Amino acid sequence: QVQLVESGGGLVQAGGSLRLSCAASGRTFSTYAMGWFRQTPGKEREFVGRITWSGGSTYYADSVKGRFTISRDNAKNTVFLQMNSLKPTDTGVYYCAAGASGLSYHYWGQGTQVTVSS
């Protein structure tokens with residue numbers, strides 16, 4: 001069982017940066033791939049990016065590639081989402097998720113709101 005808690009969301013102007021954190025409980029955190037997703041009202045949840053259990057490989061949606069960076073610290077059971085050059089279209093609730101592979105996710109956090117003003 002893994003419990004996930006996101007933090008770091010807030011209000012930022014377009015062009016600014018935010019760093020989200022996702023703290024995990026459970027001794028098996030380092031065995032899970034981690035993903036970030038986002039959702040805005042009326043839209044389906046959108047994949048943002050993912051990182052392998054070791055942190056050795058990352059993959060991003062085209063919409064955030066070159067602007068967002070995912071990293072993890074397995075010693076601290078934490079995964080990060082560094083978001084730069086933010087756009088109003090990045091606004092949404094951001095969720096982290098854990099899964100045995102990078103293709104399906106079994107555990108989800110409660111989400112943190114990110115609002116980018118123009």
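Buried here means under 20% relative accessible area, a cut-off applied throughout these close-up views of a predicted model.

**View 1. The aromatic pair of Phe37 and Tyr105 in the predicted model.** Six aromatic pairs are present in the structure. In the one formed by Phe37 and Tyr105, the ring centres are 5.2 Å apart and the planes make an angle of 80°, an edge-to-face arrangement. This pair links distant parts of the chain, since Phe37 belongs to strand β4 (residues 33–39) while Tyr105 is in the loop between β9 (92–99) and β10 (107–108), 68 residues apart. Phe37 and Tyr105 are both buried. Ring pairs also join Phe37 and Tyr105 with Phe47, Tyr59 and Trp108 into a cluster.

**View 2. Arginine side chains over aromatic rings, at Phe80 and at Tyr95.** The charged end of Arg19 is placed over the ring of Phe80, at 3.9 Å from the ring centre. Arg45 lies over the face of Tyr95, and here the distance to the ring centre is 4.3 Å.

View 3. When neighbours within four places in sequence are left aside, the contacts of Leu4 include Cys22, Ala23 and Ala24, together with Met34, Cys96, Tyr107 and Trp108. The C-alpha atoms of Leu4 and Asn77 are 9.7 Å apart in space, although 73 residues separate Leu4 from Asn77 in sequence.

**View 4. The largest nonpolar core, with 28 residues.** Leu4, Met34, Trp36, Leu81, Met83 and Tyr94 are the residues with the most contacts inside this core. At least two of its residues are supplied by each of the strands β3 (18–25), β4, β5 (46–51), β7 (68–73), β8 (78–83), β9 and β11 (112–117), and the largest share, four residues, comes from β3. Not counting residues up to four places away in sequence, Met83 touches Gly16, Ser17, Leu18, Leu20, Arg67, Phe68, Tyr94 and Val114.

**View 5. Positive phi values at Asn77 and at Ser85.** Most residues other than glycine have a negative phi. Ser85 counts as partly exposed because its relative accessibility is 42%.

Notes. Residues numbered from 1 in each chain as written. Predicted model: local features only at pLDDT ≥ 70, side-chain atom pairs only at ≥ 80, totals over all residues. Heavy atoms only, no water. Phe/Tyr/Trp six-rings, centres within 6.5 Å; stacked < 30°, edge-to-face > 60°. Buried < 20%, exposed > 50% of the residue type's maximum accessible area, 1.4 Å probe, protein only. Lys NZ or Arg CZ within 6 Å of the ring centre and 35° of its normal. Contact = heavy atoms within 4.5 Å. Core = buried A, V, L, I, M, F, W, Y, C linked by side-chain atoms within 4.5 Å.
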